[in-house]
Amino acid sequence: MKKFFSLFYSNLFLTNRLFTALGCCAVFFVFAFFFRWLGILPALAFWTLTVITLIDVLMLYRTNSLFARRHAPERLSNSDDNELGIYIENRYPFNISVGIIDEIPFQFQKRDVWFKSLLKAQEHKLINYVLRPTKRGEYEFGDIRVYVQSPIGLINRRYNFKQAETLPVYPSFLQMRKYELMAISNRLNEIGIKKIRRLGHSLEFEQVKSYVPGDDYRTINWKATARHGNLMTNTYTEEKSQHVYCVIDKSRVMKMPFDGLSLLDYAINASLVLSNVALLKEDKAGLITISEKKGAVIPADRRHTQMNKILEVLYKEKTRYLETNMELLYTTIRGVIKQRSLVVFFTNYESLSGLNRQLPYLKRIAKFHLLLVVFFENTELKTLSEQHAEDVEGIYIKTIAEKFANDKKFIVKELAKHGIQSILTTPQDLNINTINRYLELKAKQKI
């Protein structure tokens, strides 16, 4: 019995309406002290309020007539809007108003996840909301707490639903699916992927077919034409089974934040998208992560399980706080990659001196593979360099910002001088620019 009353009182909350009514009763008693003719009216009002409150309590507490649960996916996608929902069902024989608190993980730093709704008798609802995580890892959700109010509205009853669960936040698989669907339906141009004109013919012959208007006359097979008595043409297909490796730098240069995400997270998301597009093009995708020591290594393959392997590895990767061991990267690439491949190296350079420390190793890698270095434009510096300077301090800041911005352009020229492909991109355009360059290199048969 003691436990029952403890639970009863801990889940019973008085509303503003009841406090207002009690205040009116108190004022009524004060007036009765000065105006005797009011008689027992104040006492009558108080006891009427007490009876109505008890009726309200009985209406809400006679049975457990509410049900709620959280609808959540098995895993969340980093940097994307993930839709979650709260299913709530009213089993009372009367209309109720509810206030719902969902205890979301502390990583979101949100204290306003509060939903209000009206439910008719025996009605159920699904209340949807969106969460956008900005870090990979495990996110712990707590309970769902629902505050119920009857039509009388003098008290609230709190229901606690045990809905604690832990959801993993993976690299952006929602973006990966978006690009995959666009690629399958040939609509990549809608999201900024350029249509690349293929130069020349691929070396991979597909078949001989009858000529139809619009076919390239240079592909006419004259020997087959003589045998069949009508025009026949050769058809070619893009070369397949080319190796595409994403190499991700996990050193301290990738710790820099942008729009809530680190550069490492942007690189991870882009690697996931690029690997998936490469597999759709029937190439083989692989992965290498590097910092001061060797990280994960996934040899290039195009089996259906390859994307799951890459996703599971990228889920666990974290930024380290030392410089990249470029000699170790070179020996790893030489040991793992046995044939000429496209190596996409995601890193960041803030100055020419930073590039010069790594350039000898990049040149050695470029002798054996097609190396594409992807690094990031500092959007904060670009904004500062474009602002109008109003005083001496502003001129100084603008000049320094322009110097660092120009250093990035010099880095692109320095890499090109040594025959190394590069992409200088803003973090938000990383996926599109990387896929465009991959398709361009593939169309020009440079891999």
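Biologist: Which residue of β21 does Val374 stand opposite?
Modeller: Val374 faces Ile423 in β21. Keep in mind that this is a predicted model, where local features need pLDDT of at least 70 and side-chain atom pairs count only at pLDDT 80 or more, while totals for chains, interfaces and linings use all residues. Numbering starts from 1 along each chain as its sequence is written, and side-chain values use heavy atoms, with hydrogens and water left out.

Biologist: Thanks! In which sense do β20 and β21 pair?
Modeller: Parallel, with five bridges between β21 and β20, residues 370-376. Strands pair here if DSSP finds at least two bridges between them. Strands (E, at least two residues) and helices (H or I, at least four) are DSSP runs, numbered from the N terminus.

Biologist: What is the strand order in the open sheet?
Modeller: β18-β17-β14-β19-β20-β21, six strands with mixed pairing. The edges are β18 (294-301) and β21 (421-425); each has a single partner strand, so one side of each lacks a neighbour in the sheet. On average, neighbouring strands are turned by 15° against each other, direction ignored.

Biologist: And what does α7 touch on that sheet?
Modeller: Helix α7 (residues 306-316) packs on it and touches β14 (243-249), β17 (284-290) and β18; contact means heavy atoms within 4.5 Å. The direction of α7 makes about 170° with that of β18. Helix α11 (residues 392-417) packs on the sheet too, touching β20 and β21, and its direction makes about 180° with that of β20. Axes are lines fitted to C-alpha atoms, for helices over the stretch in contact, and angles run from 0 to 180 degrees between N-to-C directions.

Biologist: How do the axes of α6 and α7 cross?
Modeller: At roughly 175°, with the axes of α7 and α6 (residues 263-280) coming within 11 Å. That makes the two helices roughly antiparallel, since angles over 145 degrees get that label, with under 35 roughly parallel, 65 to 115 roughly perpendicular and the rest oblique.

Biologist: Which residues of α6 and α7 make the contact?
Modeller: Ile268, Leu272, Ser275, Asn276 and Leu279 come from α6, and Gln306, Met307, Ile310, Leu311 and Leu314 from α7.

Biologist: New topic: how many residues of β5 are buried?
Modeller: Five of the seven in β5 (residues 96-102), so defined by under 20% relative accessible area, with exposed over 50% and partly exposed in between (1.4 Å probe, protein chains only).

Biologist: Which residue in β6 is the bridge partner of Ile96?
Modeller: Leu119. β5 and β6 (residues 114-119) run antiparallel over six bridges.
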